[in-house]
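Work through the exercises below with the sequence and the model open. Try each task before reading its solution.

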Amino acid sequence: MTTTWKNIETWIDAHVEQMVELQRLLTAIPAIAPESGGDGEAKKCRALKKWLAKAGIKDIVHYDAPDSRVRGGVRPNLVATIPGRKKDAVWIIAHTDVVPEGERKLWTGDPWKLRRDGSKLIGRGVEDNQQAIVSGAFAALSFLKTHTVPERTIKLLFAADEEVGSAMGMHYLLEHHNLFSRDDLIVVPDSGVEDGRAIEVAEKNMFWFKFTVKGKQTHASHPDQGVNAFLAGSALALVLHGMRNVFHQRDKLFSPPWSTFEPTKKEANVPNVNTIPGEDVFYLDCRILPRYSLDQVRDQVARRAAQIEAQYGVRITAEELQANESPPTKAEAPVVRALADAVKRVYGVNTKPVGIGGGTVAAPLRAKGYDAAVWCRIKHCAHQPDEYCLVENLVGDTKVFARIMLGQENAKMD
Ligand SMILES: [Zn+2]
């Protein structure tokens, strides 16, 4: 073990309580999207910025997306930089927003007040995605505080709006700013497995549809005088689900290894039993293996809708709510190799590349040609009541990111 790494590791091990305190600070400020009834990330972001500045990080830049729905009118994206020997960067990307608490009575305490139970930290947001905020921040600080110059420039991105699609976060940044370079190592600690063995390199293409089926409302005793939109909608849901027989190929990289086409949300139609509904609205969530293009799916959806229109005498409109297509990051990409090496050194486990059903901010990055890898060690309790993160994962992940930041050359120099 080199002395440089030893210094960094010792500093990290000595600052566990400070990590817990940063978790406490962040948990106390709900950052919820306006779509979910919240006021955005501004307040939480201000507190985080103040904390980072006080800890000694000088270079912090705002890339705010305008949004008139929230107080202050912006959704903040923050980039903190610590210069390295090279201009090429290593990015740790975390999102500052959280989902609402959900049903309060399922929590055993206040979701917005951090509780510690042994090595568990409990509170909304502690895992998704504050574990990444905190481990990224402390990995960066371990260099500042030990006066170690990292090989690559360290970039911490704290992004907004991940939970409802990243329009004000990653999509905004990719469209309006030129932050990334093809030679950067981009790590997104927003999905993973308990033992840290999985490095996510691919996400299924994601397609969300809203279908509105229009028929003719009438009395239920005379279906012949109307057109039952619910019946036609049900038939449509079945034929759309049947697309799995067309897009049937399998890919073992993913779990499950096939494409999925699931009718999900259903809007209420008529309030009473004895009326035939004239309108029916439902939603379809599709997760498609990257080998199939969204255009191929679009084409199938149009054909199947036309078939139901003809068969039932209804009119169908299909609205695309989300359409994300991204190529996989290669298993031998530098970011994957760097992660695999760091995880092996810190946690002592061998990693393997995997694909997931989606979706993280790695997908829009990959769609723009940047290699990104998604990794962290987590307990999979995001969005649940009594969400928690383990202190040892907080510390271990910090070391993994620090190891990547240190780089191969620095490690060799000692
Ligand atoms: Zn997340």
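**Exercise 1.** How many bridges join strand 6 to strand 7, and do the two run parallel or antiparallel?

*Solution.* The model is predicted: local features need pLDDT of at least 70, side-chain atom pairs count only at pLDDT 80 or more, and totals for chains, interfaces and linings use all residues. Residues are numbered from 1 along each chain as its sequence is written, and side-chain values use heavy atoms, without hydrogens and water.

Step 1. Strands (E, at least two residues) and helices (H or I, at least four) are DSSP runs, numbered from the N terminus. Two strands pair if DSSP finds at least two bridges between them.

Step 2. Strand 6 and strand 7 (residues 120-122) are joined by three bridges and run antiparallel. Asp117 lies opposite Lys120 of strand 7.

**Exercise 2.** Which strands stand at the edges of the sheet?

*Solution.* The sheet is open, with three strands in the order 6-7-19. Strand 6 (115-117) and strand 19 (388-390) each have a single partner strand, so one side of each lacks a neighbour in the sheet.

**Exercise 3.** Which residues of helix 7 are buried, and where do they lie around the axis?

*Solution.* Step 1. Buried means under 20% relative accessible area, exposed over 50%, partly exposed in between (1.4 Å probe, protein chains only). The buried residues of helix 7 are Leu294, Val297, Gln300, Val301, Arg304, Ala305 and Ile308.

Step 2. They cover an arc of only 130° (from the directions from the helix axis to the C-beta atoms), which puts them on the same side of helix 7.

Step 3. On the other side of helix 7, Asp295, Arg303 and Ala310 are exposed.
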